[in-house]
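Biologist: Can you walk me through this one? Start with the terms, then the fold.

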Amino acid sequence: MTNPLITLYRSKIYTAVALLILLLIVGVLGFRFMSNYTWVDALYMTVITITTVGFGEVQPLDDVSKIFTIFLILNSVVIVGYALTIITEFILSRNNIEELKQKKMQKKIDALNNHIIICGYGRNGKQAASKLLAHKQPFVIVEKNKDIIEKNQDENTPFIFGNANEDDVLMQAGITRASTLISALPNDADNLFVVLSARQMKKDLRIISRASQETSYEKLKLAGANNVILPDRIGGDHMASLVVVPDLIEFIDNLAIVGESNINIEEVQVEKLYDPNTGIKSILDLDLRHKTGCTVIGFKNGTGEYIVNPEAELKLVPGSKVIVLGRPEQIKKLNTVFSLD
């Protein structure tokens, strides 16, 4: 997103350049037709007059040409001075503007709590950011490539310029206040170092790491990663599944969980569906199917154990979560009825 101040300076620069070109054209035409110079001589006289270098005339000037030359000099002093001032201010202010933008972004990052830190903005990092943005989850991206930051940074995509392997950069990203760290760097050794550093800096941080090699899986888990994702293996499994059970995989692919208007699956904390202090309820007691049209297809208890297609009599104890399935309009109704937005 272009800063309004930079846009204003650019507009002024375009104006200054246009005035210089206009002055040059007027000078050339004036010397050509008032002093009967050739086109080359007229251009030469205009340039040395505008720049005030003090070279002599091609040939003596008559009174009319002298008055025209005086007019040209006075205007050139004003216009050239204006152009130099604008260009100088633009160069000096550009650094100040970038510094102000960074301070503003850092202030926004410092205000975040329970946010997600994404290390690396490659293909995996970009997909992670896109999904988090769709679900309105706060996040910060750590990226060491300045060009990538300048190309993708906006108000909704906060970046920190630096190497995620450095503790100071992770501190700048607010790791002590973050809930999750996603290490999506292309190199497994870099991911391993980030995981080790992050785990030392915050013991209860949830860490999700990317891995290119299967041999890195156990190392990353040992270093402290809660989850390790192998994109290449997932891609291969998915392609093979399209051969073995194509209709099933196509159906699963259509269960979108990205985007405000096409979400089909939602994970909800039990405490957001009812107040456990008033008494423990079951899935049947909540009656989500009747109230919203959504169906409970999964349950996760406080210890992390999953139950697929849980029974209606299952008690929804505090600290657990339910996974619901529904059409986009039903998911939207669920969010509205229980004020989940």
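Modeller: Two strands pair if DSSP finds at least two bridges between them. Helices (H or I, at least four residues) and strands (E, at least two) are DSSP runs, numbered from the N terminus. This is a predicted model: local features need pLDDT of at least 70, side-chain atom pairs count only at 80 or more, and totals for chains, interfaces and linings use all residues. Residues are numbered from 1 along each chain as its sequence is written, and side-chain values use heavy atoms, without hydrogens or water.

Biologist: How many bridges join E1 to E2?

Modeller: 4 bridges, between residues 116-119 and residues 139-143, running parallel. Ile116 stands opposite Phe139 in E2.

Biologist: What is the strand order in the open sheet?

Modeller: E3-E2-E1-E4-E5-E6, 6 strands with parallel pairing. E3 (159-161) and E6 (227-229) stand at the edges with a single partner strand each, so one side of each has no neighbour in the sheet. Neighbouring strands are turned by 20 degrees against each other on average, direction ignored. Axes are lines fitted to C-alpha atoms, for helices over the stretch in contact; angles run from 0 to 180 degrees between N-to-C directions.

Biologist: Which strands does H4 lie across?

Modeller: H4 (residues 123-134) lies across E1, E2, E4 (180-183) and E5 (206-210), at about 160 degrees to E1.

Biologist: New topic. Where is Asn152 found?

Modeller: In helix H5, residues 146-152. Beyond neighbours within four places in sequence, Asn152 is in contact (heavy atoms within 4.5 Å) with Tyr121, Lys126, Thr157 and Phe159.

Biologist: How far apart are Asn152 and Lys126?

Modeller: 26 residues in sequence and 9.8 Å in space, C-alpha to C-alpha.
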